[in-house]
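Please open the model in your viewer and keep the selection panel at hand. The tour below goes from one selection to the next and says what is found at each.

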Amino acid sequence: MTALAKIVHTTPEIEAEPDLTDGFHLVIDALKLNGIETIYGVPGIPITDLGRMAQAEGMRVISFRHEQHAGNAAAIAGFLTQKPGICLTVSAPGFLNGLTALANATTNCFPMILISGSSEREIVDLQQGDYEEMDQLAIAKPLCKAAFRVLHAADIGIGVARAIRAACSGRPGGVYLDLPAKLFAQVMDAEAGQKSLVKVIDPAPAQRPAPEAIARALDVLKSAKRPLIVLGKGAAYAQADEAIRALVETSGIPYVPMSMAKGLLPDTHPLSAGAARSTALKDSDVVLLIGARLNWLLSHGKGKSWGEPGSTKFIQIDIEPREMDSNVEIVAPVVGDIASCVQALLDGMGKGWQQPPSDWTETLKAKREANIAKMAPKLMSNASPMTFHAALGALRTIVKERPDAILVNEGANTLDLARGIIDMYQPRKRLDVGTWGIMGIGMGFAVAAAVETGKPVLCVEGDSAFGFSGMEVETICRYGLPICIVVFNNNGIYRGTDTDPTGRDPATTVFVPDSRYDRMMEAFGGVGYHVTTPDELTRAVNEAMNSGRPALVNAVIDPAAGSESGNIGSLNPQSGIKKKK
Ligand code: ADP
Ligand code: MG
């Protein structure tokens, strides 16, 4: 029988159209099935309708002005929730803009999925010049933890499942999911489509440490005369807050928090050695690292910041086995998830645990008190224009009074000084530039912090740092988010006082003097403040945070107050050529 004959034969009985679904809906259904409720992105070809449909299907879709900030939002959503944050971008240029955030998420161990539309394989692979042609999968691969492409609607469920598992399991990180334009329009039977979806069971399974590893770690810890715990952002991510607090308090070992681990225990905790960090690192004999890497932020575990070579023994808890011995020898590697490892150490300490010698804890306490006392007068200066210290002294009090607010912080001096001066009181309340020390995370992090937690957000931004994502104040106003941005305006990068020696142009590190960033906020209907003293700053921020409305405080800082590159000026290479006299 010919095909035509068959059609003629069957037409009399009018068949009900089978229920159909398509690529768009399968992507949305796959995300929702896995408890993902929010997408951060920028619309455009070929994913405009995906955003529309996701919104129509009840997902929260937050549209940004630039993909990098949508990507940063997704990354920090992942850090805050342990679910992969989703960033949705258009092909080629939009994808590349999002890729910086994906690479940063991977570097910081934040779970995130960058979903990007892409052009058609047939044309891309023959390099025939498609609209926004680019081999995105190949480009993403070396910059993230895993990268996948889906070509058939029936594989969307598996593709999304693979992406979620890759992002969340083991050491979390960024995953790229490439969805060519044609995929979205592909239709298939709705029931078969539903069946093709996968709900990922236990995406980040517990990884329990070996008992021998725990015993070894406890032996080393027991032998210590001057032990120290270093808490990193992995410890904050793990959400094992109670167990970590119990470990610190039961062991009686002083601890130093890395910047995004601040608040895991309140910075005012008696065992916090944060304000005695240099002494703590230098003089400790055994260091227990919990979710912190011995990278540049810890001087690679050697050199000037530490004692004589070989005098410090390291125990390291990390989910990634290859992290061990990456910079110096780890005498007691404890591989596993932080919740399980910390609990196992606690169980192993038992009742007979001996707290560390009191001369060590007293030494650190005295050092800490001395450092705090030395800092105190600087925080109270009422000079105008303000110093960094005085402005941060005001914000420090505000954060103390509003411990559940989330602090986003970037800049050079604004970052380094805020990290030391502003105490944190609750876990995962401090979000900052992370492992790369990247500028531009500010508004993306702030938006996601507000969206994911519903808490007020205080963004403390250097004027340069703010510039990277400043246009997103429109996004903040559009969604009416409770974000108060304080721009530390010192007319430039590090300082606002440099000049071009030839007298021709502005120096490379200065901005338009006396800019009014507050008016950017006003342009979109938010509230702007212009302040020149700590008292005015306090009043403005309190008013803004009480209102719950978008606000920007332009805080005038002395242009001469900052130092080069904040406290990492030593990383600047110096020319070996001596100037001729
Ligand atoms: P910091 O910069 O605060 O020192 P890092 O980002 O350098 O923190 O280190 C975080 C570490 O935490 C990474 O090595 C990562 O593998 C680890 N990590 C993240 N999540 C977990 C977890 N749930 N269990 C164990 N280790 C984890
Ligand atoms: Mg500046």
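Contact here means heavy atoms within 4.5 Å, and helices are DSSP runs of H or I with at least four residues, numbered from the N terminus. This is a predicted model, in which local features need pLDDT of at least 70 and side-chain atom pairs count only at pLDDT 80 or more, while totals for chains, interfaces and linings use all residues. Residues are numbered from 1 along each chain as its sequence is written, chains are lettered from A and ligands numbered from 1 in the order in which they are written, and side-chain values use heavy atoms, with hydrogens and water left out.

Select helix H17 (residues 388–401) together with helix H18 (residues 413–421): Phe388, His389, Leu392, Gly393 and Arg396 of H17 meet Asn413, Thr414, Leu417, Ala418 and Ile421 of H18.

Next, select helix H11 (residues 211–222) and helix H15 (residues 338–349). In this pair, Ile214, Ala217, Leu218 and Leu221 of H11 meet Cys341, Ala344, Leu345, Gly348 and Met349 of H15.

Then move to ligand 1, which is surrounded by 20 residues (each with a heavy atom within 4 Å of the ligand); the closest are Arg171, Lys233, Arg293, Asp318 and Ile338. Show the side chain of Lys233, where an N or O atom is 2.5 Å from an oxygen atom of ligand 1, and then Arg293, where a polar side-chain atom lies 2.7 Å from an oxygen atom of the ligand. Finally, display the backbone of Ile319, where an N or O atom lies 3.2 Å from a nitrogen atom of ligand 1.

Definitions and conventions. Axes fitted to C-alpha atoms, helices over the stretch in contact; angles between N-to-C directions. Helix = DSSP H or I, 4+ residues; strand = E, 2+ residues; numbered from the N terminus. Polar contact = N/O pair within 3.5 Å; in protein donor to acceptor, adjacent residues only side chain to side chain.
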